[in-house]
Amino acid sequence: MKLFLDTANIDLIKQWMPTGVIDGVTTNPSLIAQEKNGNIKAALLDICNMVNGDVSIEVVEKTPEKVYAQAKEISNLAKNVVVKIPFAQEYLPVISKLTKENIKINVTLIFSLTQALLVSKLNVKYISPFIGRWDDIDIDGMELIKDLVTMKKNYNFKTEILAASIRNVIHLQKSILYGADVATIPPLLLDKVFKHPLTIQGIEKFDNDWKKLNKTNMFNEK
Ligand code: G3P
């Protein structure tokens with residue numbers, strides 16, 4: 001399973017990359033807007049250079065013609081760029097054309113099995129179902145992940161299921177259990193995952209017990 005960081009914050013990406021567990025980054029217009037970077041292109045290029053894996057960058061144009069042109073522009077930024085395009089019927093011909101040109105596409109804002117089926121047929125690299133936003137309206141977003149994994153198995157689709165809008169540890173744990181190919185995680189949540197209270201308590205106990213031995217060096221007999 002691949003783990004992506006869901007952020008456009010360069011410092012946080014810099015902080016997490018050395019852990020070796022981050023396989024890519026996802027951004028979106030809201031995440032980019034939060035960073036208030038003057039030069040967006042330079043910031044995105046920095047992210048692409050820092051990350052050894054796919055970096056999703058979303059189109060912001062609206063008409064199919066402009067979405068196509070912008071997708072091409074984004075895909076030329078770096079080798080590891082994946083162009084993120086929101087699901088919309090009018091974009092299907094654009095997505096189809098782009099995948100035939102071997103441009104990696106991540107179709108975002110996926111909320112149903114049928115949306116997912118349509119774009120999987122077009123050979124997009126990723127589909128991004130938004131778990132948390134289903135939960136926001138009191139519907140269990142995890143059910144969609146379960147269904148998408150079944151769909152992928154039934155029809156042997158290559159498209160990877162990228163669990164997005166992950167808000168808590170349960171979302172992440174269930175994404176792992178249900179077999180999502182990728183989970184994109186906000187850095188704050190990843191912090192939480194790393195800091196399990198029982199692990200912290202356990203280390204404290206080992207440290208305290210070890211100190212009682214009063215040894216300056218582990219293998220020194222004195
Ligand atoms: O990866 C998608 C994500 O950035 C959206 O998350 O929390 O805004 O629904 P959220």
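**Where the ligand sits**

Okay, let's start with the ligand: around it we find D6, N28, L31, F130, R133, A164, S165, R167 and T184. Before I go on, keep in mind that this is a predicted model.

So what kinds of residues make up that shell? By class, it's three nonpolar, three polar and three charged.

Now for some of the contacts. D6 has a polar side-chain atom 2.7 Å from an oxygen atom of the ligand. S165 also puts a polar side-chain atom 2.7 Å from a ligand oxygen. And for R167, an N or O atom in the side chain is 2.7 Å from an oxygen atom of the ligand. On its own the ligand has 310 Å² of accessible area, and the protein covers 82% of that.

Which space does the ligand take? That's the largest pocket, with a volume of about 350 Å³. The pocket has 22 lining residues, and D6, N28, L31, Q34 and P186 lie nearest its centre. Helix α2, residues 29–35, gives the largest share of that lining, four residues. Sorted by class, the lining of this largest pocket has eight nonpolar, nine polar and five charged residues.

Let's move on to the second largest pocket, with about 290 Å³ of space. Here 13 residues form the lining, and nearest the centre are I40, L44, I57, Q70 and I74. Two or more lining residues come from each of α2, α3 (40–50), β3 (54–58) and α4 (64–75). As for class, that lining splits into nine nonpolar, one polar and three charged.

That's the tour, thanks everyone.

Notes. Residues numbered from 1 in each chain as written. Predicted model: local features only at pLDDT ≥ 70, side-chain atom pairs only at ≥ 80, totals over all residues. Heavy atoms only, no water. 1 Å grid on protein atoms, 1.4 Å probe; cavity = no way out; pocket = protein on both sides within 12 Å on 5 of 7 lines; lining within 4 Å. Points joined across faces, edges and corners; volume = space filled by probe spheres on them. Nonpolar A, V, L, I, M, F, W, Y, C, P; charged D, E, K, R; others polar. Near = heavy atom within 4 Å. Polar contact = N/O pair within 3.5 Å; in protein donor to acceptor, adjacent residues only side chain to side chain. Areas by Shrake-Rupley, 256 points an atom, 1.4 Å probe, with all protein chains shown as cover. Sits in = over half its atoms within 2 Å of the grid points.
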